[in-house]
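User: I'm new to this structure and would like to learn how to read it. Could you walk me through a few features, starting with charges and rings?

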Amino acid sequence: MGKKEKGKPNPLGEVSRDYTINLHKAVHKETFKRKAPRAVSHIVRFAQKNMLTEDVRIDPQLNEAVWARGIRNLPRRIRVRLQRKKKEEDDGKGKYYTLAQYVPVDSFDNLKTEITKQ
């Protein structure tokens, strides 16, 4: 990922954050039949970038929330809890994985990124 700088602690550790992802912007000008698969892959890329892990696991409830209205009628935004966890098995792809879970919300007004566990 990135080089560890001298004197700074390792940035990785178990942490949980809540993000709002704008799916409408992610699948803009995408063919109807590709919208939901592209949205899921966008969530994976977003989690890899923000949690600094290669292994991202999508919770079935998050997948159902994206696909709830079909392949072409996505929710405009979705609230996601990303949890970086330590792997029990060692398969050589890093020490941590990210679990992406769905967080139901009534409104997206004034929602910020929240660190729920440090």
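Analyst: A charge sits over a ring if NZ of Lys or CZ of Arg is within 6 Å of the ring centre and within 35 degrees of the ring normal. Here, the charged end of Arg-57 sits over the ring of Tyr-97, 3.9 Å from its centre. Arg-72 lies over the face of Phe-32, at 3.9 Å from that ring centre.

A word on the source: this is a predicted model, where local features need pLDDT of at least 70 and side-chain atom pairs count only at pLDDT 80 or more, while totals for chains, interfaces and linings use all residues. Residues are numbered from 1 along each chain as its sequence is written, and side-chain values use heavy atoms, with hydrogens and water left out.

User: What is the order of the elements from the N terminus on?

Analyst: Helices (H or I, at least four residues) and strands (E, at least two) are DSSP runs, numbered from the N terminus. The protein has 3 helices and 5 strands, in the order β-α-α-β-α-β-β-β.

User: Which strands pair with strand 3?

Analyst: Two strands pair if DSSP finds at least two bridges between them. Strand 3 (residues 77-86) pairs with strand 1 (residues 15-22) in the antiparallel sense over 8 bridges, and Asp-18 stands opposite Arg-81 there. Strand 3 also runs antiparallel to strand 4 (residues 96-102), joined by 7 bridges, with Val-80 opposite Tyr-102.

User: How many aromatic pairs does the structure hold?

Analyst: Rings of Phe, Tyr and Trp (its six-membered ring) pair if their centres lie within 6.5 Å; planes under 30 degrees apart count as stacked, over 60 as edge-to-face and the rest as tilted. There is 1 such pair. The rings of Tyr-19 and Phe-46 have centres 5.2 Å apart and planes at 85°, so the pair is edge-to-face. Tyr-19 lies in strand 1 and Phe-46 in helix 2 (residues 35-51), so the pair ties together parts that are 27 residues apart in sequence.
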